Amino acid sequence: MNADGIIHDLFVKWGEKYGPVYRMNSFHSVFIAVHCPEATKTILMSPKYLKDPLVYKRLFNLFGKRFMGNGLITATDHDVWYRQRRIMDPAFSSTYLRGLMGTFNEMSERLMDHLGEIAGTKTPVIMHDLVNCVTLDVICKVAFGVDLNFLKQNNSSFQHAVELCLKGMVFDIRYPFFALHPKNWKTVQQIKDAVELLRKTGEKWIQNRKTAIENGENVPNDILTQILKTAEEENVNSAKDQEQMLDNFVTFFIAGQETTANQLSFAIMELGRHPEIYKRAKAEVDEILGTKRDISYDDLGKFTYLSQVLKETLRLYPTAPGTSRWIHEDIVINGLKIPAGCSVTFSSYVSQRMETYFKDPMKFDPERFDVNAPKPYYTYYPFALGPRICLGQVFSQMEAKVVLAKLLQRYEFSLVPGQSFDIKDTGTLRPKSGVICHIKHCS
Ligand code: HEM
């Protein structure tokens with residue numbers, strides 16, 4: 001970390017050096033790192049291994065301020081989590097997702113318009129910042145019915161707050177004494193203010209929605225509606241309701257925005273580095289879309305190669321790189337007896353970058369996901385696996401395809417030479433350079 005590396009690369013080295021099961025001590029806690037497919041399958045696919053409280057309870061608060069609380073990602077108790085997931089599922093059903101194509105198109109068009117103003121000039125653009133605005137616009141509109149148009153805002157405090165919270169998660173989890181050091185006090189205060197801003201915004205949007213419902217207005221059956229329902233079902237006192245709703249409000253911003261933006265920026269970076277792959281992806285898009293403006297749900301199913309590019313992007317760059325489970329009973333993993341009472345960590349970054357599971361792992365090669373290629377066996381899981389698999393998996397890949405397909409259809413992009421292709425770890429993984437591109441109209 002001091003040498004500006006990322007900790008996940010160290011885990012890859014340790015995975016290679018110590019094998020598929022090894023132990024790490026962090027003060028009094030023991031973490032078992034596991035990358036063998038059988039154990040990954042047994043543990044992640046089973047509802048009996050709960051999320052590890054040592055990790056997820058730490059995200060309840062961020063430096064003393066309630067953050068993700070008992071929301072969908074951080075709830076470790078099975079029943080508390082399951083009640084929320086069951087109610088939230090309809091907002092991610094395929095029927096509902098189909099209906100989101102309009103918003104995905106509309107928000108991506110804003111990016112296209114923005115790029116249209118720059119295309120052909122010598123001004124380079126930081127693609128990461130731009131796609132970040134799109135995914136933020138999408139989640140605000142689709143999940144909460146609010147249209148903020150971040151591409152038109154300079155320095156939005158809300159956008160900055162989401163970023164600070166993600167950074168704060170890394171500090172809080174990885175450096176237990178971070179808040180004790182006077183040199184960090186200013187940062188800690190900024191992170192606490194950021195959490196406060198997110199939760200206060202949530203309060204306002206929830207109140208507006210409640211008022212709309214009381215006034216008999218037609219409200220969409222979106223994520224916010226489901227969040228209100230989870231609180232109703234819990235049937236607890238209103239202060240607790242409110243906190244629970246805000247937990248999920250924060251959760252959707254943390255889970256559903258940067259992860260997709262980072263995937264898009266890594267995809268653009270890799271397309272920029274591989275002209276042949278770029279050409280093939282563009283040819284597919286041109287064949288399917290021609291000059292058509294709006295992308296339909298059915299078009300998405302036809303983007304076979306583009307899907308492969310997106311899958312390969314998440315193999316090399318799993319933007320949310322792992323998960324962990326609590327082992328409550330003795331278990332044998334790969335012949336080793338693991339006693340009850342420890343945490344098992346699974347890193348998609350590690351298994352997806354190991355030669356044992358992916359030949360020539362550092363090569364960006366979408367062919368790995370060709371229909372005829374052998375399927376990875378419990379070694380590829382950028383969205384986690386089993387009951388706690390990402391709720392927004394399909395949503396995010398629909399969104400990513402719409403943005404990327406429109407970009408390929410309308411513009412030629414090339415990477416400004418000399419920039420780094422390194423990864424930056426800010427809670428999610430993102431390209432360090434921000435992916436700086438020159439943009440031209442397609443000839
Ligand atoms: C490329 C984009 C995305 C990636 C790589 C990703 C990855 C993940 C991963 C690895 C987890 C498990 C986290 C853990 O075990 O700690 C997760 C959970 C989750 N994600 Fe995503 N995610 C993405 C996009 C989204 C989007 C767009 C949404 C919502 C609109 C979303 C909502 C969630 C939720 C609610 C959970 C918790 C699920 C549960 O425990 O029931 N994600 N995601």
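This is a predicted model: local features need pLDDT of at least 70, side-chain atom pairs count only at pLDDT 80 or more; totals for chains, interfaces and linings use all residues.
Residues are numbered from 1 along each chain as its sequence is written.

**Entry: the sheet with β13.** I traced an open sheet of 3 strands in the order β5-β13-β10, with antiparallel pairing, where two strands pair if DSSP finds at least two bridges between them. Its edge strands are β5 (125-126) and β10 (411-415), each of which pairs on one side only. I then checked F413 and found its bridge partner in β13 to be I439. Helix α12 (residues 258-273) packs on this sheet and touches β10 and β13, its direction making about 80 degrees with that of β10; contact requires C-beta atoms, placed from the backbone, within 7 Å, and angles run from 0 to 180 degrees between the N-to-C directions of axes fitted to C-alpha atoms, for helices over the stretch in contact.

**Entry: the ligand shell.** I found 23 residues surrounding the ligand, of which the closest are G256, T259, T323, C390 and G392; a residue is near the ligand if its C-beta atom, placed from the backbone, lies within 6 Å of it. The elements that give two or more residues to the shell are α11 (238-256), α12 and α17 (393-410), and α11 supplies the largest share, with 4 residues.

**Entry: the cores.** I looked up the largest nonpolar core, which has 90 residues, and saw that C165, V403, L404 and A405 touch the most other members. Such a core is a set of buried Ala, Val, Leu, Ile, Met, Phe, Trp, Tyr and Cys residues joined through C-beta atoms within 7 Å, and buried means that 20 or more other C-beta atoms lie within 10 Å of the residue's own. Helix α7 (residues 127-144) gives the most to this core, with 12 residues. A second, separate core of 14 residues includes A33, A39, L44 and Y349.

**Entry: the mixed sheet.** I followed a further open sheet of 4 strands, ordered β1-β2-β9-β6, whose pairing is mixed. In it, β1 and β2 (residues 29-34) run antiparallel and are joined by 6 bridges.

Notes:
A residue is buried if 20 or more other C-beta atoms lie within 10 Å of its own, exposed if 12 or fewer, and partly exposed in between; C-beta atoms are placed from the backbone. Two residues are in contact if their C-beta atoms, placed from the backbone, lie within 7 Å.
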